[in-house]
Amino acid sequence: MNEKLNKTTAEIMDQRFGCDTLLSVATAEKNIPYVRTVNSFYEDGAFYVITYALSNKIRHIAENPTVAVCGEWFTGHGTGENLGHVKAEQNAEIMSKLRTVFAEWYGNGHVDEEDPNTCLLRIRLTTGILYHHGTRYDIDFTV
């Protein structure tokens with residue numbers, strides 16, 4: 001039975017994923033699954049990823065926004081959403097955090113903020129299974 005994200009599970013999620021974290025993200029196209037590992041940051045029930053608007057993951061999400069994620073003893077499902085260009089006004093607050101969190105590699109040429117196709121992907125979690133010190137937490141992020 002899934003439980004609402006509570007103080008305990010919220011603290012574990014923040015501690016474990018509120019930093020630069022490798023996360024596997026799965027999408028599907030024509031019933032074929034595709035998985036890739038991305039750098040991510042977790043905040044308030046969502047993972048954020050800097051990516052490219054012309055990538056297969058964004059193309060898949062445009063057709064079917066349901067995604068699966070996996071990393072660090074957590075698996076979950078969510079809804080992917082392209083939030084647009086990383087320098088868009090509506091992304092200023094979260095991008096400020098991401099530039100800090102991803103500082104180790106962000107400026108090494110991997111990200112071109114001037115390219116209009118450099119975008120921000122948000123994965124709003126719906127459900128998840130979190131393991132912590134031998135305890136399993138089934139989480140409903142929607143309530």
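The side chain of Thr 118 reaches the backbone oxygen of Asp 112 at a distance of 2.7 Å. Keep in mind as you look around that this is a predicted model.

Let's stay with Thr 118 for a moment. This residue belongs to strand E7, which covers residues 118-132. Leaving aside residues up to four places away in sequence, Thr 118 touches Ile 50, Thr 51 and Tyr 52, then Gly 84, His 85 and Val 86, and also Val 111 and Asp 112.

Arg 122 also lies in strand E7. Which side chain does Arg 122 meet in a polar contact of 2.7 Å? The partner is the side chain of Glu 81. Glu 81 is also among the residues that Arg 122 touches, again without counting those up to four places away in sequence; the others are Ala 46, Phe 47, Tyr 48, Thr 79, Gly 80 and Leu 83.

Now for a visit to a loop: Lys 30 sits between strand E2 (21-29) and strand E3 (32-43). From Lys 30 to Thr 135 the C-alpha atoms are 36 Å apart in space, and the two residues are 105 apart in sequence.

| Residue | Relative accessible area | Class |
|---|---|---|
| Thr 118 | 6% | buried |
| Arg 122 | 15% | buried |
| Lys 30 | 77% | exposed |

Why does Arg 122 count as buried? Its relative accessible area is 15%, and buried means under 20%. Lys 30 counts as exposed because its relative accessible area is 77%, and exposed means over 50%.

Conventions: Residues numbered from 1 in each chain as written. Predicted model: local features only at pLDDT ≥ 70, side-chain atom pairs only at ≥ 80, totals over all residues. Heavy atoms only, no water. Helix = DSSP H or I, 4+ residues; strand = E, 2+ residues; numbered from the N terminus. Buried < 20%, exposed > 50% of the residue type's maximum accessible area, 1.4 Å probe, protein only. Polar contact = N/O pair within 3.5 Å; in protein donor to acceptor, adjacent residues only side chain to side chain. Contact = heavy atoms within 4.5 Å.
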